[in-house]
Amino acid sequence: MARRAESGPPGHPGALFGMAAMTARAGGRCAVPVAEAARHGHADAERLLAGTVGLRISGTWTMPDPEFFDEVRIGVGKPLLTL
C-alpha cells in the first residue's frame with residue numbers, strides 16, 4: 001500500500017511534492033506543484049522538472065520521497081526512460 005501523501009507547512013518543499021502526488025493520484029496534471037517544490041529546493045522535483053525539458057542534472061542524489069517519485073513523474077507527463 002502506498003504511503004499517504006500528507007500536507008505540511010505552506011511553502012515546504014516536501015509538502016509541495018506531496019501535493020503533487022495527491023494531484024497525480026486524483027488523475028490530474030501536477031506540473032505546477034512540482035515546479036513550486038523545485039523552486040523551494042526539493043531534489044526529486046528539480047530532477048523531474050529538468051527532465052521535462054530534456055535536461056539532466058549531473059551527480060547523484062538521495063530521493064527524499066522515493067515512494068511518490070514514479071506517480072509524480074507520470075503526473076507531469078514524463079515517461080520512464082529505458083536504456
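Exposed, on this tour, means a relative accessible area over 50%, buried means under 20%, and partly exposed lies in between, all with a 1.4 Å probe and protein chains only. The model you have open is predicted: local features need pLDDT of at least 70, side-chain atom pairs count only at pLDDT 80 or more, and totals for chains, interfaces and linings use all residues. Residues are numbered from 1 along each chain as its sequence is written, and side-chain values use heavy atoms, with hydrogens and water left out.

**Stop 1: the whole chain**

Start with a cartoon view. Helices here are DSSP runs of H or I with at least four residues, strands are runs of E with at least two, and both are numbered from the N terminus.

Of the 83 residues, 33% count as buried. A contact means heavy atoms within 4.5 Å. Among contacts with a separation of 6 or more, 46% link residues 24 or more positions apart.

**Stop 2: helix α1**

Select residues 13-25, which make up α1. How far apart are its end C-alpha atoms? They are 19 Å apart, which agrees with the 18 Å that its 13 residues should span at 1.5 Å a residue; the expected span is 1.5 Å times one less than the number of residues.

Colour Ala 15, Leu 16, Phe 17, Gly 18, Ala 20, Ala 21 and Ala 24, and you have buried residues of α1. Their cover includes α2, α3 and α4. After the helix, stop at Gly 27, whose phi is positive, near 90 degrees.

**Stop 3: the core**

Next, show side chains for Phe 17, Cys 30, Val 34, Ala 45, Leu 48 and Val 72. These have the most contacts inside the largest nonpolar core, which has 15 residues. Such a core is a set of buried Ala, Val, Leu, Ile, Met, Phe, Trp, Tyr and Cys residues joined through side-chain atoms within 4.5 Å. The elements giving two or more residues to this core are α1 (13-25), α2 (31-39), α3 (43-52) and α4 (66-75). Which of them gives the largest share? That is α1, with five residues.

Centre on Cys 30. Leaving aside residues up to four places away in sequence, Cys 30 touches Ala 20, Thr 23, Ala 24, Val 72, Gly 75 and Val 76.

**Stop 4: His 42**

Move to the loop between α2 and α3, where His 42 is found. Is His 42 buried or exposed? Its relative accessibility is 4%, so His 42 counts as buried. Its side chain makes a polar contact of 2.8 Å with that of Asp 65. A polar contact is a pair of N or O atoms within 3.5 Å; within protein, one must be able to donate a hydrogen and the other to accept it, and residues adjacent in sequence count only if both atoms are side-chain atoms. Beyond four places in sequence, the residues touching His 42 are Pro 13, Gly 14, Phe 17, Ala 37, Pro 64 and Asp 65.

**Stop 5: the salt bridges**

Side chains of opposite charge can pair when their charged atoms come close. The whole structure has three salt bridges, each a side-chain nitrogen of Lys or Arg within 4 Å of a carboxyl oxygen of Asp or Glu.

- Select Glu 71 and Arg 25, which meet at 2.8 Å, N to O. Glu 71 lies in α4 and Arg 25 in α1, so the pair ties together parts 46 residues apart in sequence.
- Select Arg 39 and Glu 36, paired at 2.7 Å, N to O. Both lie in α2, three residues apart, about one turn of the helix. Arg 39 is exposed at 60%, whereas Glu 36 is partly exposed at 28%.
- Select Arg 73 and Asp 70, paired at 3.4 Å, N to O. They are three residues apart in α4, about one helical turn. Arg 73 is buried at 10%, while Asp 70 is partly exposed at 44%.

**Last stop: Glu 46**

Finish in α3 with Glu 46, which is partly exposed at 33%. Glu 46 and Glu 36 are ten residues apart in sequence and 9.5 Å apart in space, C-alpha to C-alpha.
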